[in-house]
Amino acid sequence: MYKPKAGLPTREQILDFIATSDVPAGKREIAKGFGLSAQDKIGLKALLKDMADEGLIDSAPGRAFHKMGGVPKVTVLRIVDVDDGGNVWAVPERWEAEGVPPPRLRVRERKRGALGVGERILARTEEAGNGWIAHPMKVLAPASEQVLGVLREDGGRLWLTGVDKRERREFAVADAGGAAPGDLVLAELAGKPPKIAARVVSKLGDPFAARSFSLIAIHKLGIPDVFAQEALDEAERVSKLPLGEGREDLRDVPIVAIDPEDARDHDDAVWAEADDDPANAGGWKAIVAIADVSFYVRPKSEVDREARRRGNSVYFPDRVVPMLPEILSAEVCSLKEGADRAALACHLRIGKDGSLKSWRFTRAVVRIAANLAYEEAQAAIDGTLDLDLTESVLRPLWACWQSLAKARDARAPLDLDLPERRVVLDEQGRIMSVSPRERLDAHRLIEDYMIAANVAAAKALEAKKAPVMYRIHEPPSREKLMALKEYLDTFDVPFALGQVVRPATFNHIIERIGDADFRPQVMEQILRTQTQAYYAPGNHGHFGLSLGSYAHFTSPIRRYADLLVHRSLVSAYGLGEGGLPADDAANMESVGEIISRLERRAMEAERDTTDRYVAAFLSERVGQVMDVRITGVTNFGFFATVEGIGGDGLMPVRDLGGEYFRFDEGARTLTGEHSGDVFAQGQALELRLAEANPVSGALRFEMPEGKGAAPPPRDGRKPVRQIKHRGRPMNIRHQGKRR
């Protein structure tokens with residue numbers, strides 16, 4: 001029990017009190033615990049408000065407080081997942097921190113299998129290591145569930161179809177709330193199975209209108225897409241700030257920004273030339289100039305609060321939901337050709353072998369010589385585009401990059417050549433094409449310069465013993481490695497579990513496969529084997545990049561983690577205003593957890609929206625037979641993706657014909673009991689597109705020539721052969737060149 005103290009407690013004492021209190025700690029409990037007078041209680045109220053604004057604490061239902069990023073000691077949780085290992089996961093049903101997703105808690109069941117997804121429990125919570133544990137106290141009655149969906153009419157009755165492709169149910173509509181068939185709505189479900197009805201609570205518009213698919217993701221995942229007026233007003237004011245005295249003048253250095261053709265903001269720019277220092281013979285001098293966002297976005301400001309609750313910008317084919325107001329993200333902070341811009345400059349000395357010899361950081365003023373698209377820079381180097389800067393600027397950049405590439409090859413990071421899908425829209429938002437983005441040397445060049453600057457930032461802060469928000473990627477777990485081994489066994493590709501696993505281990509697997517037909521699927525499986533990268537102040541290295549120290553420094557316009565690294569550099573190197581406050585330095589752990597969750601939310605939103613655009617693009621090809629590849633096999637069918645476009649679709653087992661198909665979980669195959677036809681992960685075949693739903697992003701396939709027809713070999717491909725692995729039959733293709 002805390003002894004009464006004279007005057008207000010410190011922030012640290014309040015945090016300790018909240019963490020150790022046996023009851024929910026509200027203002028009354030805190031005041032009593034510290035023996036505060038009536039006058040002190042007024043000061044306590046202001047202190048608690050400041051701590052909430054600073055991100056140290058958050059309020060829970062009932063006006064109790066808890067640590068920011070944490071949960072109340074006793075609260076209502078909703079079960080959201082039961083994983084393959086039987087672990088039950090839940091999130092708080094109510095979450096007061098606007099824009100911040102709640103943490104997932106692992107539920108300790110008294111009786112295994114007693115709780116299912118969607119159930120509500122009253123639980124006691126505790127922090128354990130880097131996570132949270134929930135101890136159920138009572139199972140609660142179900143609450144009304146909300147569904148985002150589209151209304152359709154059938155037989156004079158309205159039905160609600162959910163936008164989530166995992167939701168395969170439809171619900172009868174009891175109250176349309178003025179919405180009409182075809183409208184996108186938010187509805188509340190009521191009743192018990194099988195009589196569940198929907199009541200529309202909000203009409204959101206036409207789901208098929210141009211640029212609507214991203215709005216579905218924004219609404220579904222609760223992504224903040226409107227800035228508070230106070231933040232907009234503040235952004236307008238700070239955008240007019242003079243660049244200030246004491247900046248290094250780099251305006252005469254021909255620094256160039258190389259970005260995607262459709263880039264909305266420009267965080268970074270690069271320059272390099274041969275080093276004239278004899279001590280670094282054959283080496284290079286380079287500058288990586290990054291937008292000085294910390295100069296404009298100060299800690300605890302209105303813009304900073306908005307940026308922290310967003311965590312990152314979210315990029316859709318039709319729009320960007322920026323972390324910062326557009327006057328900053330797209331204008332004043334964006335490194336634009338011919339304009340004076342504030343930058344945080346990373347000066348690098350790079351050895352002939354690509355090693356980082358030294359680094360220093362300065363606040364600078366830069367004037368970008370050119371904003372180039374990747375394709376333009378590559379064409380200039382290849383000699384197919386005439387640019388004035390080719391010989392004087394681009395050639396030295398490419399030559400220095402050759403050294404950086406040597407260092408990359410020496411450390412052998414994970415090398416997965418998985419193309420990114422690019423959705424191209426016309427001015428009205430209609431889909432023109434969906435195709436893989438071309439991978440050029442220009443992309444690799446910028447990546448390697450950015451990696452070098454990120455490493456330098458981490459090491460510079462370590463040398464100063466300053467706080468670092470590391471970008472961490474831990475090695476795969478044994479469970480995931482065992483699953484990969486079982487998968488590779490189906491292709492007769494050996495994988496020893498006892499070895500020390502490095503990124504090169506996976507690269508060797510890909511090299512061993514060569515140009516086999518199933519190469520893309522193995523790379524996808526290796527990607528699934530990797531752990532989720534995250535942000536934290538404790539260094540655990542970056543497995544995928546094969547680096548011991550790594551931080552995100554190069555994108556402060558679109559990532560809050562980078563802004564924190566900038567602030568820490570400003571403080572550590574005494575570069576002026578906008579440094580990292582002491583309370584933020586002490587609170588890096590919880591902030592890292594929050595921005596990691598926000599990043600995962602953004603990734604889900606971007607992926608789901610791309611799937612919807614792909615489904616819309618393919619909806620005009622329903623009925624066509626197309627080349628697909630099996631990406632997953634289950635007991636109810638298999639999933640396949642359209643080659644060259646993407647988009648996963650289901651081929652239901654019920655549509656494979658009248659015979660019984662046996663599912664082998666270990667081999668991930670479906671085998672016809674009479675025909676012996678085998679459908680296996682990685683298999684290439686032709687299927688007819690039966691359905692493409694743009695609202696949910698879901699596809700459905702059927703056999704091209706009647707139910708149960710075996711997939712014929714493609715023209716120019718060697719036939720399928722059947723082998724047995726551990727006594728189980730499966731079809732694979734002979735190795736050959738990829739198309």
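Predicted model: local features only at pLDDT ≥ 70, side-chain atom pairs only at ≥ 80, totals over all residues.
Residues are numbered from 1 along each chain as its sequence is written, and side-chain values use heavy atoms, leaving out hydrogens and water.

Let's start with the helices, which are DSSP runs of H or I with at least four residues, numbered from the N terminus. Helix α12 covers residues 478-489 and helix α14 residues 519-529; their axes come within 9 Å and cross at roughly 165°. Those axes are lines fitted to C-alpha atoms over the stretch in contact, with angles from 0 to 180 degrees between N-to-C directions. So α12 and α14 are roughly antiparallel, a label for angles over 145 degrees.

Who touches whom? Taking contact as heavy atoms within 4.5 Å, Lys480, Leu481, Leu484, Tyr487 and Leu488 in α12 meet Gln521, Val522, Gln525, Ile526, Arg528 and Thr529 in α14. By class, that contact has six nonpolar, three polar and two charged residues; Leu and Tyr, for instance, count as nonpolar, Lys and Arg as charged.

Now the sheet, with strands being DSSP runs of E, at least two residues. It is open, three strands in the order β30-β31-β32, paired antiparallel; pairing takes at least two DSSP bridges. Four bridges join β30 to β31 (residues 669-672), and Phe663 stands opposite Leu670 in β31.

Note on methods. Parallel < 35°, antiparallel > 145°, perpendicular 65-115°, else oblique.
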